[in-house]
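Have a look at it before reading on.

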Amino acid sequence: MSAPPLHRSTVTVIGGGLAGISAALEAADMGASVTLVERKAHLGGLTWSFEHNGIEMDNGQHVFLACCSEYRRFLTRIGSERDVVGPFPLDVPVLAETAGGAVMATRLRRSNLPVPFHLAGSLLSYPHISPAERVGLGRALAGLARLRLGDPHLDQVNFFEWLRRHGQSPRAIEAVWDLITVPTVNLPASQASLAVAAQVFKTGLLSDRSACDIGWSAIPLGRLHGQRAFAALRRQGVALRTSARVRSIVKQGPTWEVVTDSETLESDAVIVAVPHDEAATLVPGDVAPARDNWRHLGSSAVVDVHLIFDRTVTVWPLMAALHSPVQWVFDRSSASGLTGAGRQPQRGGTGPQYLAVSISAADELLGQRPAAIVKEVTGALRRLLPASADAALVDSVVTKERRATFRAVPGSAVLRAQPAKAQQRLAIAGAWTDTGWPATMEGAVRSGIAAARAIAGLTPSQLPTYKFTELQPTREVA
Ligand SMILES: Cc1cc2nc3c(=O)[nH]c(=O)nc-3n(C[C@H](O)[C@H](O)[C@H](O)COP(=O)(O)OP(=O)(O)OC[C@H]3O[C@@H](n4cnc5c(N)ncnc54)[C@H](O)[C@@H]3O)c2cc1C
């Protein structure tokens, strides 16, 4: 039997987010002796949790789709696959306040018909646009189906303009396309690159009827990712350095020196899995002459408004809203520990309820005071959910993630580093690298695996690929 590809190699991984964790596990699986260095005290990067008045809150609601095959495999790898809800068939109430103050509600759900008919029933009766606009959706869906993912020309095109050319009205773009684009790309169609939007819609909606099935964590993210990954890395023999910031990376002959505040780590290979602006500082210019371009990727914010009501105001585990400061709403009562030890989202209960209102592309909210954000969002939520009118808001928290994602605008694809290409045995990982995906958990995991494979001299085609249909749902919503 031949030795594994990284047998007798030493590898330092910088950054303990999902990309760095994935890279470290993959490199260790290939026989390397791995050290992972993370600046913070915990692993998990942009997915983290904190305690507030006895309940565990996440920095921001995270969801995944059934087509996120590598992320789901990652969950299994770290022993967390049983602690997510779903993915269960797409079925999301979409609420909108009308000019008269009434609430118009519908459910965006998929059927068991084959693609693209799985969404036809829902879209053809979608009340938020006119009958002609509903029929017109087919033209853009057919246009998307014809696009070739990976075609560099797609990244020169603005998604909004492309939708307009394919017969979509501004109202249809807001009520249908932005409903998906804003939370997945973290930009509205008017700013997004067609390349990234096409990836989302083609893979998430048009590849298989169950690709759009949705799942999320049933426990705090800090446990689902950070703590479980810590244990999995330890089991795999990875040396962990937390609360250790890397200051520089230097090549000395065949050896890489990774300098932290307290030590210098020597290794044969390095994987840099930090955000793009930090990578531009750390990665030596001779290894990545284009590193200054990475800073131009910019950032887009996500704001979450965490609301605790004294009673249950909705039976839905998740819902979306249109023309409202409220975008997507998730019931976190059970996952946070507010309502008992059970992990199933409570449906139809009467006890207190914790709703996380997730607002993407939220740069405008960064300068606003939390109290003002809570007031605006709670007011909108009360209008959308009549059951909340009499409920008392007993607690609230606002979390702001300024650099949640890079800005996937036209022209951004060429700025993204290539995770599958190592230079002098240094590879770069992160959701911001060129995975084809927007900045997501799936992209982060894929980049980490690709980077580990790159330092082993393996090509991306040798990446393990999993068809998402091979993965079974872990838990259904009751
Ligand atoms: C509020 C919010 C909601 C989101 N929602 C979703 C969602 O619903 N679905 C989805 O798929 N994705 C979502 N995302 C995106 C997803 O969380 C990220 O794309 C992914 O977690 C990024 O992982 P990463 O490892 O690439 O980067 P990061 O998580 O940023 O990890 C980088 C790590 O490097 C460390 N580091 C930085 N500099 C140094 C240094 N000098 N030395 C040592 N360590 C360093 C950092 O501390 C960090 O831990 C969301 C993000 C946010 C913020």
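The points below cover cavities and salt bridges.

1. A word on the model. This is a predicted model, in which local features need pLDDT of at least 70 and side-chain atom pairs count only at pLDDT 80 or more, while totals for chains, interfaces and linings use all residues. Residues are numbered from 1 along each chain as its sequence is written, and side-chain values use heavy atoms, with hydrogens and water left out.

2. Cavities. Rolling a probe the size of a water molecule over the atoms shows where empty space is left. Here a cavity is a set of points, on a 1 Å grid over the protein atoms alone, where a 1.4 Å probe fits but cannot get out; lining residues have an atom within 4 Å of a point. Points are joined across faces, edges and corners, and a volume is the space filled by probe spheres set on them. The count comes to four cavities of 30 Å³ or more.

3. The largest cavity. Its volume is about 130 Å³. Among the residues that line the largest cavity are Leu90, Leu137, Leu141, Trp177, Ile180 and Phe201. By class, this lining holds twelve nonpolar residues, with no polar and no charged ones; Ala, Val, Leu, Ile, Met, Phe, Trp, Tyr, Cys and Pro count as nonpolar, Asp, Glu, Lys and Arg as charged, and the others, Gly among them, as polar. Helix H4 (131-146) and helix H6 (170-185) each supply at least two lining residues, and H6 gives the most, with four. Helices (H or I, at least four residues) and strands (E, at least two) are DSSP runs, numbered from the N terminus.

4. The second largest cavity. This one holds about 100 Å³ of space. Its lining includes Ser22, Glu26, Glu70, Arg73, Phe74 and Val445. Helix H1 (18-29), helix H2 (69-77) and helix H12 (441-455) are the elements that give two or more residues to this lining.

5. A salt bridge is a side-chain nitrogen of Lys or Arg within 4 Å of a carboxyl oxygen of Asp or Glu, and a search of the whole structure finds 18 of them. Glu26 and Arg73 form one, with the closest N and O atoms 4.0 Å apart. Because Glu26 lies in helix H1 and Arg73 in helix H2, the pair ties together parts that are 47 residues apart in sequence. Glu26 is buried, with a relative accessible area of 8%, whereas Arg73 is partly exposed at 21%. Buried means under 20% relative accessible area, exposed over 50%, and partly exposed in between (1.4 Å probe, protein chains only). Glu26 and Arg73 also belong to a network of salt bridges with Glu70 and Arg453.

6. Arg241 and Glu263. The closest N and O atoms of this salt bridge are 2.5 Å apart. Arg241 sits in strand S10 (residues 239-241) and Glu263 in the loop between strand S12 (255-260) and strand S13 (264-267), 22 residues apart. Arg241 is partly exposed at 27% relative accessible area, and Glu263 is partly exposed at 25%.

7. Arg247 and Asp261. Their side chains meet in a salt bridge at 2.8 Å, N to O. Arg247 lies in strand S11 (residues 246-252) and Asp261 in the loop between S12 and S13, so this pair joins parts 14 residues apart in sequence.

Key:
1 Å grid on protein atoms, 1.4 Å probe; cavity = no way out; pocket = protein on both sides within 12 Å on 5 of 7 lines; lining within 4 Å.
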